[in-house]
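Q: I would like to learn how to read the features of a model like this one. Could we go through them in turn?

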Amino acid sequence: MERTFIAIKPDGVQRGLISEIVSRFERKGYKLVAIKLVVPSKQFAEKHYHDLKERPFFNGLCDFLSSGPVLAMVWEGEGVIKYGRKLIGATDPSKSEPGTIRGDLAVVVGRNIIHGSDGPETAKDEIALWFQPKELV
Ligand code: ATP
Ligand code: MG
């Protein structure tokens, strides 16, 4: 069954949005197969966002991701990679549709509260980066 990596970033955890966000995935009908709270190192954040290393915001983004607890999760279900991104909404919350997580709960792109894998390959890589196989139930 298809799986994706979803993370509530430090701003989402700090703002107390864990239950709000987790419940949206639960209510949709996806299955939670792994979850843990971690403070990633800067080096780990750079690995997670390696695709963006040429972008001007890369350093700030990695500083931010490593600035506090992140809720790392794996969710399972038919079409969860693409539909999970739909639940999350557009990258820039000032343009995300109302009804989406970013649309309802965030305002600026540098503090958009949640990450979701953008395709099958990244989902596989990100799950392997954040979790050991035995942590997946
Ligand atoms: P994520 O990978 O976190 O789920 P995304 O796939 O919607 O987000 P990406 O293009 O992968 O968007 O960008 C990764 C993250 O980098 C974004 O979530 C956002 O926090 C940050 N980011 C993207 N564009 C900008 C920007 N122009 N300025 C500042 N931060 C940005
Ligand atoms: Mg992305």
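Q: Leaving aside neighbours within four places in sequence, which residues is K9 in contact with?
A: This is a predicted model, and the contacts are read from its atoms. Once neighbours within four places in sequence are set aside, K9 is in contact with Y49, F64, L65, P69, R102, N112, I113, I114 and H115.

Q: Where is K9 placed, and is K9 buried or exposed?
A: Buried is a term for residues under 20% relative accessible area. K9 has a relative accessible area of 5%, so K9 is buried. Its place is in the loop between β1 (3-8) and α1 (10-14).

Q: What does UniProt list as "binding site"?
A: An annotation of this kind may be inferred rather than shown by experiment. The unreviewed UniProt entry lists K9, F57, R85, T91, R102 and N112 under that feature. From this set, K9, F57, R85, T91, R102 and N112 are in the lining of the largest pocket.

Q: Which residues surround ligand 1?
A: Ligand 1 has around it K9, Y49, L52, F57, L61, R85, T91, R102, V109, N112, H115 and G116.

Q: Which atoms lie by the oxygen atoms of ligand 1, and at what distances?
A: For polar contacts, one looks at pairs of N or O atoms within 3.5 Å. In the side chain of K9, an N or O atom is 2.9 Å from an oxygen atom of ligand 1. For the side chain of R85, the corresponding distance to an oxygen atom of ligand 1 is 2.7 Å. G116 contributes a backbone N or O atom, 3.1 Å from an oxygen atom of ligand 1.

Q: Where is R85 found, and what is R85 in contact with?
A: R85 is in helix α5 (residues 80-88). With a relative accessibility of 38%, R85 counts as partly exposed. Apart from its neighbours within four places in sequence, R85 is in contact with G116, S117 and D118.

Q: What separates the C-alpha atoms of R85 and F57?
A: Sequence separation and spatial separation are read as two values. R85 and F57 are 28 residues apart along the chain, and their C-alpha atoms are 21 Å apart.

Q: How many residues has the largest nonpolar core, and which have the most contacts inside it?
A: A nonpolar core is built from buried residues joined through side-chain atoms. The largest one here has 21 residues, and I21, F25, W75, I113 and I114 have the most contacts inside it. Two or more residues of this core come from each of β1, α2 (18-28), β3 (70-76), α5 and α6 (101-105). The most is given by α5, with four residues. As for F25, residues up to four places away in sequence not being counted, F25 touches I6, Y30, W75, G84, L87, I88, I101 and I114. A second, separate core has 17 residues, including V33, F44, Y49 and W130.

Q: Where does T100 lie, and is T100 buried or exposed?
A: T100 lies in the loop between α5 and α6. Its relative accessibility is 10%, so T100 counts as buried. A polar atom of the T100 side chain is 2.6 Å from the backbone oxygen of E97. Not counting residues up to four places away in sequence, T100 touches R24, K86, L87, I88 and G89.

Note on methods
Residues numbered from 1 in each chain as written. Chains lettered and ligands numbered in written order. Predicted model: local features only at pLDDT ≥ 70, side-chain atom pairs only at ≥ 80, totals over all residues. Heavy atoms only, no water. 1 Å grid on protein atoms, 1.4 Å probe; cavity = no way out; pocket = protein on both sides within 12 Å on 5 of 7 lines; lining within 4 Å. Buried < 20%, exposed > 50% of the residue type's maximum accessible area, 1.4 Å probe, protein only. Contact = heavy atoms within 4.5 Å. Core = buried A, V, L, I, M, F, W, Y, C linked by side-chain atoms within 4.5 Å. Near = heavy atom within 4 Å. Polar contact = N/O pair within 3.5 Å; in protein donor to acceptor, adjacent residues only side chain to side chain.
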